[in-house]
Amino acid sequence: MRQKPSEQDKFIRRNNFEPVEENFTEEQALAEANRCLNCKNPRCVQGCPVNIQIPDFIKQVKEGNLKKAGEIIRQTSMLPSVCGRVCPQERQCEGKCVLGIKGEAVAIGALERYVGDNTKSEKTSDIIPSGKKVAIIGSGCAGITAAGDLRKAGHDVTVFEALHKFGGVLRYGIPPFRLPRTVLDREINALKDMGVKFVKNVIIGKSITLKQLQEDGFDAVFICSGAGLPKMMNIKGENLNGVFSANEFLTRVNLMQANEESTATPLKVGKSVAVIGGGNVAMDAARTAVRVGFEKVYIVYRRTEKELPARLEEIRHAKEEGVEFLFLRAPYEINEKDGYVNGMRFEIMELGEADESGRRSPIGTGEYVELDVDTVIVALGTGPNPIIQKSALSDGINFETDKRGYFTVNPETRETSVKQIYAGGDVAPVGESNAINAMGAGKKAAKAINEYLASIN
């Protein structure tokens, strides 16, 4: 039987930001590892975007050799404690597990977290300097992954971060009850120990341009600055006080502690909030809203529960914490009183025929309902911020982008239309936007950069 980590009581965790899930005990980890069939053709590895050798590390857990298990994971992933917590394993490695066909898949994510938390990255003493310099723009999943691989190859690696703390969306987007900051700091410090340089408060395109990086002797650049431009609803009342993008709301709480009394940037907490959207970011925003003190928290989604794109675990946790889900409702307008949100109107939807992808589109019925809320959080995704492209263009560097503004890249090498410049993560997404896919892009970029740097004198 699949082991399940202990969880904080649902009534207690509503009032704190401590981790919801405990780690496996030693007995649980051993029991779960022994469920693994050690398949000769491990489909779980095929489902992992960074190709962690899953049966190999689990075998070491079975044998009680956690140090070796950690070494195996870190051959391909520098973020085991992070991925074990936030990756959508049910759609990736665990989704491919043979045991999951007729029963419950091996809890690969929980085992990875257990190994990551109970081992540490060994200091690398045999790095041979290559004499080459690489700049990485952004310290999120893609950047951290590429930095580790490039540093192992001997390159002088500098990571530039626009904010005052490192980690990108892992820090400002994911709440600490899902990803403790001590865990994230430990993973970043391991890279610093390897010799990766981190520079904060630098906006590439404003503080420094790409051209200046090239003039400073960087032989290659990897752009992974994320997609920080929120997508809004474009409805009446969207500019009222009390309307937040999920990016702003989560950043203010996670990075700036806006919910604390001593903060310089306080958050006005109302009585009731509607979170618009159904993905993991919507769940994070809703569960954070519960913890900062909203009495009533709604998630409003225009399809049914069956179509919710968020992880099942996050949906379950949100429900346990008192979040109310309202389905088949699409935002129509936000009501106003003295410049503030004073309720919201939604159109009742129904699902039409399935499209080529099998997804049924919502269709308006012409019927409307009101919801009594004083705050609205919009979690409908993000797009790329064009700062880097615009700045580069003024210096004569012209990037090809798609119609949405994302960098156009070679899917295998992540090279942009400009030689020596690569892009990955949310600025050049491939597939679902999540931590492990961004890491996969970072690994591809690092491999291509290594090959390029090896070809030049």
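User: Where does Ile101 lie?

Analyst: Ile101 lies in the loop between α7 (93–96) and α8. Helices (H or I, at least four residues) and strands (E, at least two) are DSSP runs numbered from the N terminus. This is a predicted model, in which local features need pLDDT of at least 70, side-chain atom pairs count only at pLDDT 80 or more, and totals for chains, interfaces and linings use all residues. Residues are numbered from 1 along each chain as its sequence is written, and side-chain values use heavy atoms, with hydrogens and water left out.

User: Is Ile101 buried or exposed?

Analyst: Relative accessible area decides this: under 20% is buried, over 50% exposed, and in between partly exposed, with a 1.4 Å probe and protein chains only. Ile101 has a relative accessible area of 57%, so Ile101 is exposed.

User: Which residues form a nonpolar patch on the surface with Ile101?

Analyst: Leu37 and Val98 form the patch with Ile101, and together the three have about 270 Å² of accessible area.

User: How many of the eleven residues of helix α8 are buried?

Analyst: Nine of the eleven residues in α8 (residues 108–118) are buried, so the helix is largely enclosed by the rest of the structure. Among them are Leu111, Arg113 and Tyr114.

User: Is Gln92 buried or exposed?

Analyst: Gln92 is buried, with a relative accessible area of 11%. Gln92 is in the loop between α6 (80–86) and α7. Contact means heavy atoms within 4.5 Å. Leaving aside neighbours within four places in sequence, Gln92 is in contact with Gly47, Pro49, Asn434, Ile436 and Asn437.

User: In what order do the five strands of the open sheet stand?

Analyst: Two strands pair if DSSP finds at least two bridges between them. The order is β3-β2-β1-β4-β15, and the pairing is parallel. β3 (197–199) and β15 (421–423) stand at the edges with a single partner strand each, so one side of each has no neighbour in the sheet.

User: How many bridges join strand β4 to β15?

Analyst: Three bridges join β4 (residues 220–223) to β15. In one of the pairs, Phe222 has Tyr422 in β15 as its bridge partner. Four bridges join β1 (residues 133–137) to β4, and these strands run parallel. Ile137 stands opposite Ile223 in β4.

User: Which residues of β4 point one way, and which the other way?

Analyst: In a regular strand the side chains alternate between the two faces of the sheet. Ala220 and Phe222 point one way from β4, Val221 and Ile223 point the other way, and all are buried.

User: What does Ile203 touch?

Analyst: Not counting residues up to four places away in sequence, Ile203 touches Ala162, Ile208 and Ile387. Ile203 is in the loop between β3 and α12 (210–215) and, at 36% relative accessibility, counts as partly exposed. The C-alpha atoms of Ile203 and Ile137 are separated by 8.7 Å, although the two residues are 66 residues apart along the chain.

User: How many bridges join strand β11 to strand β12?

Analyst: Eight bridges join β11 (residues 340–354) to β12 (residues 360–371), and the two run antiparallel. Phe346, for example, has Val369 in β12 as its bridge partner. The hairpin of β11 and β12 has five residues between the strands, and Gly358 takes a positive phi near 95° in this hairpin.

Note on methods:
Patch = residues over 30% accessible without salt bridge, like charges linked within 9 Å, V, L, I, M, F, W, Y side chains within 5 Å. Areas by Shrake-Rupley, 256 points an atom, 1.4 Å probe, with all protein chains shown as cover. Salt bridge = Lys/Arg side-chain N within 4 Å of Asp/Glu carboxyl O.
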